[in-house]
Amino acid sequence: MEPNRPTRLPAAGIHEIAARLGPIFWLAVIWLAMVLFAAVTAGYWPVPPPDRMDWAQLGAAPGAPLTPAGTPSAENPQAGGAAHWLGTDTMGRDMVARLIFGARVSLAVSICSPAIGFLVGGLLGCLAGYYRGRLDAGIVATMDVILAFPGLVLLLVIRFYLGASLTNLILILGFLTIPAFSRVARAKTLGLTELEFVQAARLTGAGHLSILVREILPNVVIPLAVYALLVAAFMIMAEGALSFLGLGVPPPTASWGGMIAEGREALDTAPHVSLIPAGVMFLTVLALNLIGDGLRSLLEGRAHP
Amino acid sequence: MTATWGEHLLVTHLGRKLLRLLLVVLAVTAVTFLMVHLLPGDVAYTIGGETATADDIRAIREALGLDRSMLAQYRSWLGRLVHGDLGRSYLTGEPVLQAILSRLPVTLELLVISQLLALALALPAALICAYRSGSHVDRLISTGGFATLSIPSFVMALLTIYLFSVKLRWLPATGYTPLQAGVWANLKSFVLPALSIALIEWVVLMRVLRSDLITTLQQHYILMAKAKGLPPWRILLLHALRPSAFTMLTVMGLQVGRLLGEAVIVETLFALPGMGRLLVTAIYARDHLMVQGCVLVISIGYVTVNSAVDMLYTLLDPRIRREAAVGT
C-alpha cells in the first residue's frame, strides 16, 4: 500500500472491471444482497413469528413439521409456513425466522457503526493530516487514549447508564471505530499534501478549505469507503461477540450472536442451534471481507500499474 | 560530534515517547474513574444488602470514603498508586494488587500458549507457501487463511468445544486446574482456550512471515546457497528464516498487547479465572477500585507493548529515528 498516490477507480470499462474482480467477488456480492433482501423483507416471509415458542419442538432438527403448539391458531396449523425448515432453537422458536430478523441487527450494526467512524474519524484524520502541528498531535493523542481504553468498560457503562438498545450499541461501536478511520484518513492525507496537484492548487491561491474539499477529500473518500467494508465485517463479529457475552441487543430480539450463545448449552443434543447462525455469520463476514479485499486490490492495482 | 548529536536526539525522542505513554495511561485511568462513577447505583447497596436502611448506606459510604467528591477520590487513588497501593476491593477486602497478581498469570499463560500454538501452525505453513509461492498448496493455504480470518473468536471457541469435547470427547469443555495441582492438568485446561485463539492468530503470523520470506528468498545469498546445492530445508530454516522473522515477531508482540484486553470472551467461555473475567465481574459489582486497577494494568500493558515495539524499530532503523527527530 502506497499512501502517497491518488487513488481513483480505474477508467476501464464496466465489463473489464467486473472480469478483473473475479467470480468469487460476485458470489460474495450476491450473498450480501440476499442477506440484505432477507433483512428488509423479514416481516413477509412464510415462517412463524421469531418469538413464537413451539413447546412441542424444542431444539428440533431442520425440516421438523410445525405443530399446533407453535402455530397462531389451532384450526389452521399451516399458518406461517409448512415446516421449521432449519429446525427450532432450544426454546422452540423457528430458526429461519430468527435468522432473517437477526440479519436486521447485524446489518444495522455493520452499516451504521462504520458510518459514524467514517464521518467523524475520516474528518479528524483529514484535518490532522492536513494541518499537522498541534492539531495533529492533539487528535493523535486523543485517538491513542481511545485505543488504549478497554472498549468493554465503555460499553458496560453506556449500557447501564442509557440502557441496552440497538441504538446505543451502534453508537458505542461506531465511537470505537473512530481511531481506526482517523489513522487511515490521516496517513492518506499526509501523503497527498506532498503531491503536485495539491501544491499546484496552493500556488494558484486556493484556500485551505477549498484544497481540503476539492483536492484531499475526493482522494481520501474512496479508499476510506473500501476500508469501511472491512470494518463492517469486523462490526458483525463484534456485535456477535457482545451478544454472546449477553451485552448485545437485549432479548427477545433475535441476533446472530445471541442465537449462537443460546445454542451453546445444547451443543451435544442440538448442534444446529449454534452452528447454523455461526455459518450464516461466517459467510456474511467472509463476503464483506472478500468485497473489501477485491476493491482494495482493484484500487491498488491502479496505483501500481 | 555527530554521534553525540544523534544519541542526544534519540534520547530526547525516547524520553518524549515515555512521557506520552505516561500521559495516555493517566488519561485512561481518569476517564475510567469518571465513567465508573457515572454508573447508577454503587457498591454500598451491594454491601448493605436488601435490608439496609438509608442510614446504613450512608455509614458504609462514609467508611469507604465514597461520600467525598470524585476529584478528591481520584487524587487519593493516584497518591496511593505512587506508593504501589491500589487499594482494597470494596466487596471482599482483598487488596486489588493481590487480586490482579493472582489473575494476571492465568491470562498471560493463556496468551503465551496460544501464541506458541499459533507459531507452530504459522511457521511450517509460511515456509511451504513461500518456498512454493504461487503453487496450488500456497493458494490453498492462503485462501484458507483468508477465510479463517472471517471466523469470530467466539465461534472458533465454540467449534473447538464442539469438535474436541462434544464429538471426540478428548478434553473437558470448561474448568480450570491451577498449576499447583500438577503441570499436566494445568496445561490441559489451557489447550482448548489457547487453541481457539491460535486457530485464528496463526493466519496473521503466517501472512506476514510468508511475504517477508518471499522477499528474502529473492536475495543473492539464497541463490548462492542454492547453487552450492544445499537442500531446501537447510536454506529455508538456516538461511532465510531468521532475517525474515523480525516483522512477524513484532506482530506477535502487538497481538499479545491487544489480546490482553480481549481475552475476556475466551476466559468467559472456558471459565478461566483471568484478568478479563476479574474486570467484568468488578464492573457488574461496581467494585470501583478493582475496575480501576484492572483498567490500569490492561492499558499499561497495551501501551507498553506498543511503545516497546515502536522503540525497537527506532533503535534498529536509523531512518525512522531521523524522521522522528525532524517531524513530531
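1. Across the interface of chain B and chain A, one residue pair is in polar contact, with both residues at pLDDT 80 or more. The model is a predicted one. The elements giving two or more residues to the side of chain B that touches chain A are helices H1 (2-38), H6 (136-148), H7 (153-167), H12 (264-269), H13 (275-284) and H14 (288-316) of chain B. H1(B) provides the largest share of that side, eight residues. By residue class, the side of chain B that touches chain A divides into 30 nonpolar, four polar and two charged residues.

2. The extent of the interface can be given in residues and in area. Contact involves 36 residues of chain B and 35 residues of chain A. Between them the two chains bury about 3,400 Å², and 85% of this is on carbon and sulfur atoms. B:Phe146, B:Phe154 and B:Leu158 supply 18% of the area that chain B buries against chain A, more than any other three residues. As for salt bridges across the interface of chain B and chain A, the rule finds zero.

3. Over all chains the salt bridge count comes to six. One of them joins the side chains of A:Arg132 and A:Glu194, at 3.3 Å from N to O. A:Arg132 sits in the loop between helix H2 (95-131) and helix H3 (133-148) of chain A, and A:Glu194 in the loop between helix H5 (166-192) and helix H6 (196-203) of chain A, so this pair ties together parts that are 62 residues apart in sequence. A:Arg132 is partly exposed, with a relative accessible area of 33%, whereas A:Glu194 is exposed at 52%.

4. What is the N to O distance in the salt bridge between A:Arg296 and A:Asp293? The distance is 3.1 Å. Both residues belong to helix H9 (residues 272-303) of chain A and are three residues apart, about one turn of the helix. Each counts as partly exposed: A:Arg296 has a relative accessibility of 32%, and A:Asp293 has a relative accessible area of 28%.

5. A further salt bridge in chain A is formed by the side chains of A:Arg264 and A:Glu265, with 4.0 Å from N to O. The salt bridge rule asks for a nitrogen within 4 Å of a carboxyl oxygen, and this pair is listed at 4.0 Å. A:Arg264 is partly exposed, its relative accessible area being 27%. A:Glu265 is exposed, at 66%.

6. Turning to chain B, there are 15 helices and zero strands. Of the 328 residues in the chain, 42% are buried. Among contacts in chain B with a separation of 6 or more, 75% are between residues 24 or more positions apart.

7. Neighbours within four places in sequence aside, B:Asn186 is in contact with B:Glu109, B:Tyr176, B:Thr177, B:Pro178 and B:Leu179.

Note on methods
Residues are numbered from 1 along each chain as its sequence is written. Chains are lettered from A and ligands numbered from 1 in the order in which they are written. This is a predicted model: local features need pLDDT of at least 70, side-chain atom pairs count only at pLDDT 80 or more; totals for chains, interfaces and linings use all residues. Side-chain values use heavy atoms; hydrogens and water are left out. Contact means heavy atoms within 4.5 Å. Buried area is the accessible area (1.4 Å probe) that two parts lose on being put together, summed over both. A polar contact is a pair of N or O atoms within 3.5 Å; within protein, one must be able to donate a hydrogen and the other to accept it, and residues adjacent in sequence count only if both atoms are side-chain atoms. Helices (H or I, at least four residues) and strands (E, at least two) are DSSP runs, numbered from the N terminus. Ala, Val, Leu, Ile, Met, Phe, Trp, Tyr, Cys and Pro count as nonpolar, Asp, Glu, Lys and Arg as charged, and the others, Gly among them, as polar. Buried means under 20% relative accessible area, exposed over 50%, partly exposed in between (1.4 Å probe, protein chains only).
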